[in-house]
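Thanks for coming, everyone. Please bring the model up on your screens, and we will walk through it.

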Amino acid sequence: MSDLNQNYFEKITYRDALRLAMHDAMQEDKNIIIMGEDVANYGGAYGATKDLLKLFGKERVIDTPISEPAIVGAAVGAAMSGLRPIAELMYVDFFGMSMDQIANQLAKIRYMFGGQISAPMVLRTQGGTGRSGGAQHSQSLESWIMHTPGLFLSMPAKPNDAYHLLRHALKIDNPTIFIEHKLLYNTTGTLDKKNIGAPFGKANILRKGEDVSIISYSRMINYAEKASEILEKENISAEVIDLRTLYPLDRETIINSVKKTKRALVLSESYYTSSVPSEITSIIFENCYKVLKKPVIRYTAEDTPVPVAPNLEKNYIPTIEKIVEYTKKVCN
Amino acid sequence: MSNTLLPKLYKTMKRIRTFEERVSELFIKGESAGTMLHLSIGEELGPACVGTAMQENDTFTTHHRGHGIFVARGGDPNRMLAEIAGKKDGYCKGKGGSMHIADMKLGHLGANAIVGGGIPTVVGAAMSYKYLKEERVSVAFFGDGAMQQGILYESMNMASLWKLPVVFCCINNQYGMGTKIENAVGVKDFSKRAESFGLNTLHINDLDVESAYHKSKDIIDSARKFKPGFIEIECYRFYGHARMDKSPYRDESEESEKRKLDPISFASNQMIKNNILDEDDIKKIDDDIMIEMDKAMEFAINSPINEETEIFKDVYSENDPLPVSLDEKINKILNN
């Protein structure tokens, strides 16, 4: 990040877009703090909070003990008492440690207490495969959050969305779970601070198409885009929809797209069963069954723990080749 | 004698007990929302002494057996009973109930039905107070069951590490639901655990509420100066775990023996013995409390129920659309 005050970046990494979002938000709102394991001195396991300690001091960028339940729990208490914490869980897999504080506390505070108070905080974490992290450091657990009323859920794929969705999450009263992807941090794109692209809760149609809708989010969006380029050469016009947020979920864009294309493939890195694609597939069936030409395909990771061996891990999640293959069959 | 707080503490304990008796009555009349009502009869000393030692702006979370603490911190019995009855006038519009009652105005950051669930909340609240330079202490109340939850020790460590204005207060009623403490812990000396985190500790194991008040106040005052503390108050849960529990796991003789250790009759006898109040004065206090709590019962029973649409409110902020009802969703699909 050469000049933090620039408004437009021709090429910025996903990581720097996030850092910039936190930086700008913290400059605007002095009640925003960052807390988590190795977020201060280390700068975050994936570098997303690098240098923020230097800029904002140890009162606002706080290294915590390795206590995931209490990191989330303390952030909840701070959010109920005047601060707006950004709590970081180093890996989404650590939801396993923190799920009581996320699902039983954070998500339900406003409701249980009759609307008296909320816990306006952002829980940042990252998931996904690609680094041979194994079964406990590579999962995609967004459906756990989506299955819990009371939480907003954002999973941006592009730097511009990473910046703007995080900025938005740091302004609203709803607790937001913000899941990044470990292999997106080094990807690049443009960032226009003045152009949010689409509001929080709205999907982006990244590519218009006529023959099939490919609906996805997070890293798989980049796969979908590449697959759609290959498909185009074979005269298949795929519409690529980047959901960006899973709560609120932009049902309308999904439904309208499939009503037009009459075919859909839902793509994600999560497990197959009871997944976000399962939910989206239901929505499509319920709303578009009259026009569907083919069954909706959920293309996800396998229903097994994540393997470490690179050759196994690579084929454990969707591949571009298979996206192309399945899409062609759906369009056949 | 003139400086004694005993009448005030007595009154608080008596109000707690009478309140809990009304909760029980509400159940018997079929007016309570459900049966998950955890009474703190026999445990009044802790809420009274710690609740009174806290200052006006201090905040707290409680466990599921938390009615008494809220009464001690100024909770309005009308709105409390209405909440327990699941009514519109309750503190949480009847949507939280006995186990999730809360009131931000009185610093009640929430009762919790997950054992230990509300403990890290006070750590975060104290982080806010320290950062915002507000002179406030946040107290987590929990039972002996939570002493066996990992989150307590994560929270104690953070409070110690960051020198937070926090007090952890364990109301040890000797039972985790039906399991006696001897069957749940290897070492019963809870203060030692807290000491090892560098917390100021206090262990109360007698019925003298006024002395307990003074000792608790020292711990809370130190916490205000960023020396976090731990208080354990030993007591006995006079009745079952929840309203339906007849305590088959313990002898009646144990119950009748332990019920003799009653902090309320102890305080009453202390006041008479030391010529602080006479029997008539005490009766007057008791009668007034009866009237107050009877009125609360009436208020709760007569409070209106919620409109059905209340289900969908308060899930997300008021600026967001309400979640769509299932009926609307299904009919939309069927009419498609």
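Start in chain B. In helix 1 of chain B, B:Leu6, B:Leu9 and B:Met13 meet B:Val209, B:Glu210 and B:Tyr213 of helix 8 of chain B. Contact here means C-beta atoms, placed from the backbone, within 7 Å. Helices are DSSP runs of H or I, at least four residues; strands are E, at least two. The contact has 5 nonpolar, no polar and 1 charged residues. Nonpolar covers Ala, Val, Leu, Ile, Met, Phe, Trp, Tyr, Cys and Pro; charged covers Asp, Glu, Lys and Arg; the others, Gly among them, are polar.

This is a predicted model: local features need pLDDT of at least 70, side-chain atom pairs count only at pLDDT 80 or more, and totals for chains, interfaces and linings use all residues. Residues are numbered from 1 along each chain as its sequence is written, while chains are lettered from A and ligands numbered from 1 in the order in which they are written.

How do the two helices cross? The axes of helix 1 (6–28) and helix 8 (209–224) of chain B come within 9 Å and cross at roughly 100°. They are therefore roughly perpendicular (65 to 115 degrees).

Now chain A. It has domain 1 (11–192) and domain 2 (204–331), with bounds from an automatic or database assignment. Their C-alpha centres lie 26 Å apart. Domain 1 of chain A gives 24 residues to the contact, and domain 2 of chain A gives 25.

Last, confidence. Chain B has a mean pLDDT of 96, on a scale from 0 to 100.

Notes. Axes fitted to C-alpha atoms, helices over the stretch in contact; angles between N-to-C directions. Parallel < 35°, antiparallel > 145°, perpendicular 65-115°, else oblique. Contact = placed C-beta atoms within 7 Å. pLDDT = per-residue confidence, 0-100.
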